[in-house]
Amino acid sequence: MAKDNNSVATAETLLPRVLVLATGGTISGTSDERSAIGYDAGGVMGAELVAGVQDLDDLARLQVEQIANIASQNMNASVWFQLAERIRQAWSEDEADAVVIIHGTDTLEETAFFLDTILPYGRPVVLTGAMPPATALGADGPANLYEAVKVAASPLAHNRGVLAVLNGDIHAARRVSKTHTTALQTFRSLNGGPVGFVDAETVRFVSQVTQQGKPAFLTLPARPVLPSVEIVFAHAGMEAHPIDRAVADGVRGLVVAGMGDGNVSEAALGGLDRAVAGGVMVVRASRVTEGFVNRNVEIADDRHGLVASLDLNPQKARILLQLLLANDVTAPKDVQRMFLASAGGAFSDSD
């Protein structure tokens, strides 16, 4: 039986509107001859990627825009601001019901966390990427893009904050992290599992919506620039030189990727004391993959004027500290309070 044109048109107009924002990355990469697995990111534009995914237009009415075309190791605050402002515009002008961001995997977790921190909860924002490039045998990009659109188009994805969808897993921005250099299943939700799962048939969430209509946690500064915050990696035999150099370079904040529970050597702690005395905000995170950085255990945070990152890894702690400094939150107690608040009440006041 031939399809009725009017019924087809009606079905299409009932599909959710998904705005796809492309930024480049491995998912849009093309193979290079320098090695068997060599590639150049950003060789395929977002519109071409979307057009190449079978049955994608059965899920949603798609609008594709190219925000950037870079390898994600070159991701920066300027692109973050462009993404945030474009999403806010789409919401305020009711252009879309959801947003999907095509992104490289190296910094996908950082972009997701940045957007989750400054966007209000409500309509879905979903990031996706790929490990092999678009031209590779067995590329995972098309399936990931299909599943990201499927999640974004689902009513179940509303009020869950920014999500990352890769290889059938749905991750919350706060917990997701890249854990393997090359494996397809590189993304894991640390300190807890995925918030849901997706396949060609179904979107399933295994966690409840806990923050309906959450307001934007922090505001963006007028200029697309964030305060300078550096990460210092702790190790056996660590001296204070990297800390002192960063302070001399004029950083406003430091995040220490500490050992174990965010610990540093006595020499490095002396450098942190000098940094704090010079007005630099210092956050202790951990180089360990999972767990929490607790206050006042081996290091007396209250006495040294330090902040514990809780469950945030160094790269996400850096982003939150940058945004706090940009919002003139500069006292250690206030910064610690905001680290707690960013977790949405997941920890007690004693943490």
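## Overall composition

Of the 351 residues of the protein chain, 51% count as buried, where buried means under 20% relative accessible area, exposed over 50% and partly exposed in between (1.4 Å probe, protein chains only). This is a predicted model, in which local features need pLDDT of at least 70 and side-chain atom pairs count only at pLDDT 80 or more, while totals for chains, interfaces and linings use all residues. Residues are numbered from 1 along each chain as its sequence is written, and side-chain values use heavy atoms, with hydrogens and water left out.

The protein chain has 10 helices and 16 strands; helices (H or I, at least four residues) and strands (E, at least two) are DSSP runs, numbered from the N terminus. Among contacts with a separation of 6 or more, 71% join residues 24 or more positions apart. Contact here means heavy atoms within 4.5 Å.

Axes are lines fitted to C-alpha atoms, for helices over the stretch in contact, and angles run from 0 to 180 degrees between N-to-C directions.

Strand β7 (residues 162-166) is largely enclosed by the rest of the structure, because 5 of its 5 residues are buried. V162, A164 and L166 point one way from β7, whereas L163 and V165 point the other way.

Strand β6 (residues 125-128) pairs with β7 in the parallel sense over 3 bridges, and A164 in β7 is the bridge partner of L127. Strand β8 (residues 169-172) runs antiparallel to β7, with 4 bridges joining the two; here A172 in β8 is the bridge partner of L163. β7 and β8 form a hairpin with 2 residues between them, and N167 in the turn has a positive phi of about 55°.

## Nonpolar cores and I101

The largest nonpolar core has 54 residues, of which I87, I101, F114, L115, I118, V125 and F339 touch the most other members. Such a core is a set of buried Ala, Val, Leu, Ile, Met, Phe, Trp, Tyr and Cys residues joined through side-chain atoms within 4.5 Å. Helix α3 (residues 77-92) supplies the largest share of this core, 9 residues. Apart from it lies another core, of 31 residues, including V126, V149, A172 and V195.

I101 is located in strand β5 and is buried, with a relative accessible area of 0%. Leaving aside neighbours within four places in sequence, I101 is in contact with L21, T23, L83, I87, L115, V125, V126, L127 and T128. The C-alpha atoms of I101 and V125 are separated by 7.6 Å, although these residues are 24 residues apart along the chain.

An open sheet of 4 strands has the order β13-β14-β15-β16 and parallel pairing. The edge strands β13 (229-233) and β16 (307-308) each pair on one side only. Between β13 and strand β14 (residues 253-258) there are 5 bridges in the parallel sense, and V255 in β14 is the bridge partner of I231.

S309 lies in the loop between β16 and α9 (314-326), and counts as buried at 0% relative accessibility. The side chain of S309 reaches the backbone oxygen of L312 at 3.1 Å. Not counting residues up to four places away in sequence, S309 touches V283, R284, A285, V293, A317 and F339.

## Packing of helices α4 and α9

Helix α4 (residues 108-118) and α9 pack at an angle of about 35°, with their axes 10 Å apart. The contact is made by E109, E110, F113, F114, T117 and I118 of α4 and by Q315, K316, I319, L320 and L323 of α9.

Conventions. Two strands pair if DSSP finds at least two bridges between them. A polar contact is a pair of N or O atoms within 3.5 Å; within protein, one must be able to donate a hydrogen and the other to accept it, and residues adjacent in sequence count only if both atoms are side-chain atoms.
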